[in-house]
Amino acid sequence: MADNRNRVILKINGQEYPIVGNESKEYLIRIGTFVDEKMQDVAKNNRQLSLSMVAVLTSINIADLYLKKEREKATSKEEPPLKNDDILHVQKELHQKNQSLNQEKEHSKALQNKLTLMRKKEEDTKKEVQEMQGKLTEKEDQLTKANEVIKELQDQLYESQLQVAELQKNKKTQI
C-alpha cells in the first residue's frame with residue numbers, strides 16, 4: 001500500500017521541525033508559516049519569555065482565533081433561513097428602490113439637460129454682451145467725434161459772430 005502522506009520540514013521560530021500530513025505540501029507549509037509568524041509576534045512583544053512560554057502563549061492566541069471563528073460559524077448557522085414572505089417583502093422593497101432610483105436618474109437627467117441649456121444660454125448672453133459692448137464702444141467713438149464736430153462748429157459760429165459784429169461795427173463807423 002502506497003503512503004500518500006506528505007512530508008515537509010518547517011522552520012518555526014528558528015528551529016526545524018519535520019511535519020507529516022495528508023494535506024498538500026503547500027497547505028502544511030502555510031500552517032507552518034502561520035505558526036512561525038504568530039510565535040515571532042509573541043516573542044517580539046515579550047523578549048524575556050522562554051521558548052516554551054512563547055509556544056504556550058502562541059497556542060493560546062491561535063486557540064482564541066479558532067474558537068472565535070467557530071462561534072462566528074455557529075452564529076451564522078443559527079440564523080433562520082428567509083421565509084417566502086420575507087423574500088417577497090425584500091423583492092418588493094428592492095423593486096420600490098429600483099423605481100425610486102430610476103425616478104432619481106430621470107430627474108438627474110432632466111437637471112443635466114436644464115444645466116446644459118442654461119450654460120448654452122449663458123454663452124449666448126456672454127456673446128450678446130460682448131457684441132453690445134463693441135457697439136457701445138463704437139457709439140461712444142461716434143459721440144466723441146460728434147462732440148468734436150459740434151465744438152468745431154461752435155468755434156466757427158463764434159468766429160462768424162465776431163466777424164459779423166466787426167462788420168456791423170465797421171458799417172456804423174462808415175455811416
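Predicted model: local features only at pLDDT ≥ 70, side-chain atom pairs only at ≥ 80, totals over all residues.
View A. Residues are numbered from 1 along each chain as its sequence is written, and side-chain values use heavy atoms, with hydrogens and water left out. Strand E1 covers residues 6-12 and strand E2 covers residues 15-21; they pair in the antiparallel sense over seven bridges (two strands pair if DSSP finds at least two bridges between them). Helices (H or I, at least four residues) and strands (E, at least two) are DSSP runs, numbered from the N terminus. Look also for Arg 7, whose bridge partner in E2 is Val 20.

**View B. Asn 13 sits in the loop between E1 and E2.** Two residues separate the strands of this hairpin. Most residues other than glycine have a negative phi. Asn 13 is partly exposed, with a relative accessible area of 25% (buried means under 20%, exposed over 50%, partly exposed in between, for a 1.4 Å probe and protein chains only).

**View C. Helix H1 has a buried face.** H1 counts 21 residues and reaches 30 Å from its first C-alpha to its last, close to the 30 Å expected at 1.5 Å a residue (the expected span is 1.5 Å times one less than the number of residues). Which residues of H1 are buried? They are Leu 28, Gly 32, Asp 36, Met 39 and Val 42. Seen down the helix axis, the buried residues of H1 fall within an arc of 130°, so they line one face of the helix (the arc is that of the directions from the axis to the C-beta atoms). On the other side of H1, you will find Glu 26, Arg 30, Lys 44 and Asn 45 exposed.

**View D. Six names to look for around the largest pocket are Tyr 27, Arg 30, Ile 31, Phe 34, Val 35 and Ile 62.** These residues line the largest pocket (on a 1 Å grid over the protein atoms alone, a pocket is an open set of points where a 1.4 Å probe fits, with protein on both sides within 12 Å along at least five of seven lines; lining residues have an atom within 4 Å of a point). Which element gives the largest share of the lining? Helix H1, residues 25-45, does, with five residues.

**View E. Val 56 belongs to helix H2.** H2 spans residues 51-78. With a relative accessible area of 46%, Val 56 is partly exposed. The C-alpha atoms of Val 56 and Val 42 are separated by 9.9 Å, and the two residues are 14 apart along the chain.

**View F. Leu 136 lies in helix H3.** H3 runs over residues 84-174. Is Leu 136 buried or partly exposed? Leu 136 is partly exposed, at a relative accessible area of 49%.

**View G. Ser 24 is in the loop between E2 and H1.** Ser 24 counts as partly exposed, at 35% relative accessibility. Ser 24 and Ala 146 lie 122 residues apart in sequence and 103 Å apart in space, C-alpha to C-alpha.
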